[in-house]
Amino acid sequence: MENHPNVQAVRDALRAADARTADGATPGIVVLDEAVHTAAAAAAALGVEVGQIANSLIFDADGEPLLVLTSGAHRVDTAKVATGLGVAKLRRATPEFVRQHTGQAIGGVAPVGHPKPVRTLVDTALAQFPVIWAAGGVPRAVFPTTYAELLRVTAGSPAEVE
């Protein structure tokens, strides 16, 4: 799993962005024993709070991909986000749309490592945690990061999404 092309794409993107963890180290990809398809499962596997999990959710925003990195403790208010972005229609993307724009499957979508940049919003609720865990390209892979690094490496915009 460590050599999966999606995991390697995430690793390469983190390296290219000179990403750092809270203690200044280069983030390593952690491969879990089991796939974690929910924030609760990821938090349990890592022994952290569910809010520390950065869910990577892809939405179809008037036909364009939008990545919302939200705290695992939140649900995205699509009407609020759509209004904030000025888009007419914001809906959860189909698995095909997600794969087309990220190269990754739902359940393992990482904040980085996509074929081309995806417009990104980062939930401001994640700022309260010194360490955040994000998906690493497949459902069993995760990596540690910080709120500031998520904003920086994704060129994301902070947003209240709940």
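1. **Basis.** The model is predicted, so I took local features only at pLDDT of at least 70 and side-chain atom pairs only at pLDDT 80 or more, while totals for chains, interfaces and linings use all residues. Residues are numbered from 1 along each chain as its sequence is written, and side-chain values use heavy atoms, with hydrogens and water left out.

2. **Fold.** The protein has five helices and eight strands. Helices (H or I, at least four residues) and strands (E, at least two) are DSSP runs, numbered from the N terminus. Their order along the sequence is α-β-α-β-β-α-β-α-β-β-β-α-β.

3. **Overall form.** The radius of gyration, taken over C-alpha atoms, is 14 Å. A compact globule of 162 residues would come near 15 Å, so the value agrees. That rule is 2.2 Å times the number of residues to the power 0.38. The C-alpha trace spans about 40 × 30 × 30 Å along its principal axes.

4. Of the 162 residues, 51% are buried. Buried means under 20% relative accessible area, exposed over 50%, and partly exposed in between (1.4 Å probe, protein chains only). Contact means heavy atoms within 4.5 Å. Among contacts between residues at least 6 apart in sequence, 63% join residues at least 24 apart. The protein exposes about 7,800 Å², and carbon and sulfur atoms supply 51% of that.

5. **Helix α5.** This helix covers residues 147-154, and six of its eight residues are buried, so the rest of the structure largely encloses it. The buried ones are Tyr 147, Glu 149, Leu 150, Leu 151, Val 153 and Thr 154. Their cover includes β2, β3 (64-71), β5 (119-123), β6, β7 and β8 (157-159).

6. **After the helix.** Ala 155 follows α5 and sits in the loop between α5 and β8. Its phi is positive, about 55°, although Ala 155 is not a glycine. Most residues other than glycine have a negative phi. At 66% relative accessibility, Ala 155 counts as exposed.

7. **Asp 62.** Here too phi is positive, near 55°, in a residue other than glycine. Asp 62 lies in the loop between β2 and β3. With a relative accessible area of 44%, Asp 62 is partly exposed.

8. **Thr 70.** This residue belongs to strand β3. Thr 70 is buried, at 0% relative accessible area. Beyond its neighbours within four places in sequence, Thr 70 contacts Ile 53, Ala 54, Asn 55, Leu 57, Val 76, Asp 123, Leu 126 and Val 161.

9. **Largest pocket.** Its volume is about 610 Å³. Of its 31 lining residues, His 37, Asn 55, Ser 56, Leu 57 and Arg 92 are the closest to the centre. Strand β2 (53-61) is among the elements that each supply at least two lining residues. β2 gives the most, with seven. The lining has 20 nonpolar, nine polar and two charged residues.

10. **Second largest pocket.** About 160 Å³ of space lies here. The lining includes Ala 13, His 114, Lys 116, Val 153 and Thr 154. By class, six lining residues are nonpolar, four polar and one charged.

11. **Pocket terms.** On a 1 Å grid over the protein atoms alone, where a 1.4 Å probe fits, a pocket is an open set with protein on both sides within 12 Å along at least five of seven lines. Lining residues have an atom within 4 Å of a point. Grid points are joined across faces, edges and corners, and a volume is the space filled by probe spheres set on the points. Ala, Val, Leu, Ile, Met, Phe, Trp, Tyr, Cys and Pro count as nonpolar, Asp, Glu, Lys and Arg as charged, and the others, Gly among them, as polar.

Definitions and conventions. Areas by Shrake-Rupley, 256 points an atom, 1.4 Å probe, with all protein chains shown as cover.
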